[in-house]
Amino acid sequence: MKVSDLLEKKEFKCLNPQIGVEGVIESGYVGDLLSWVMANAGSGCAWVTIQTHVNIIAVASLLEMTCVIIPEGAEVEESALERAIIEDIPVIITNLNAYEVCKILGNAGI
Amino acid sequence: MRYKLILDVKRGDFDAAGEASRKIKDILQQLGVSSKVIRKVSIAGYEGEMNLAIHSLGGKIILEVGEEELSLTIKDIGPGIDNLDLAMTAGWSTADDKVRQMGFGAGMGLFNMNKHADNFLITSKIGAGTKIVMKFSLE
């Protein structure tokens, strides 16, 4: 599944679509403790986290994640978005909760 | 020695945190280091960088790339760690509430560094500082 496929669903919106959304989502990961995510998340994943500050982009970029999904309508900090554009990481927001996001990813075969 | 780089990390500068690790990753990619090794160095380097920003009075990250291995040294100017055994324990942290709310302070930093480096050495003295030397085989 590509990021663009996910964005076809009305529940998801990309905050920085100008960087391109053709990356392939190979797996999913959920977590808010950055050290835990650093140690355990794989590359190519969609990372669902409620953290919204600039350091999530550093983690996503270092691990070569495909995108970050912010659930439950949490507001993403401007500095995080600026960094996401530089680092080429799509940041996607949704009003769904993390479990509902995972259900959609799972139903899409991820 | 094929390459050496020294990067400064300031205390409390969370907005810039991750930039040193990013630079290191870029350089290792340019040097043709395998993605498996880069991932290990990235994880350990990011943890070291965050530890400097969260816990130290400021410090440096030194990357040295040789023919068969690379080393990453995380060195700060204090305050030093009182009990290293405790600090190395997964889940143990002295991070404050603000830092924990940002998702740091899980107590996994030193544990992750030790886990991902092929060789890990930490020394610390109260009032003087902490030095971590990690070595990674280039395979």
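Select Glu47(B) to start: this residue is buried, with a relative accessible area of 3% (buried means under 20% relative accessible area, exposed over 50%, partly exposed in between, with a 1.4 Å probe and protein chains only). The model is a predicted one, in which local features need pLDDT of at least 70, side-chain atom pairs count only at pLDDT 80 or more, and totals for chains, interfaces and linings use all residues. Residues are numbered from 1 along each chain as its sequence is written, chains are lettered from A and ligands numbered from 1 in the order written, and side-chain values use heavy atoms, without hydrogens and water.

**Around Glu47(B)**

Show helix α2 of chain B, residues 35-55, which holds Glu47(B) (helices, H or I of at least four residues, and strands, E of at least two, are DSSP runs numbered from the N terminus). Next display what Glu47(B) touches, leaving out residues up to four places away in sequence: Ser35(A) and Met38(A), together with Met108(B), Gly109(B), Asn112(B) and Met113(B). Contact here means heavy atoms within 4.5 Å. With Asn112(B), the side chain of Glu47(B) makes a polar contact of 2.9 Å (a pair of N or O atoms within 3.5 Å; within protein, one must be able to donate a hydrogen and the other to accept it, and residues adjacent in sequence count only if both atoms are side-chain atoms).

**The largest pocket**

Now select Asn51(B), His55(B), Ile81(B), Thr94(B) and Leu110(B), which lie nearest the centre of the largest pocket among its 34 lining residues. On a 1 Å grid over the protein atoms alone, a pocket is an open set of points with protein on both sides within 12 Å along at least five of seven lines; a cavity is a set where a 1.4 Å probe fits but cannot get out; lining residues have an atom within 4 Å of a point. The pocket's volume is about 590 Å³. α2(B) gives the largest share of its lining, eight residues.

**The second largest pocket**

This pocket has a volume of about 210 Å³. Select Met65(A), Thr66(A), Asp88(A), Ile89(A) and Pro90(A), the closest to its centre of the 15 residues that line it.

**The cavity**

Finally, select Ala58(A), Ser61(A), Leu62(A), Arg83(A) and Glu87(A) with Gly18(B), Glu19(B) and Arg22(B): these line the largest cavity. Its volume is about 40 Å³ (the space filled by probe spheres set on grid points, which are joined across faces, edges and corners). α3(A) supplies the largest share of the lining, three residues.
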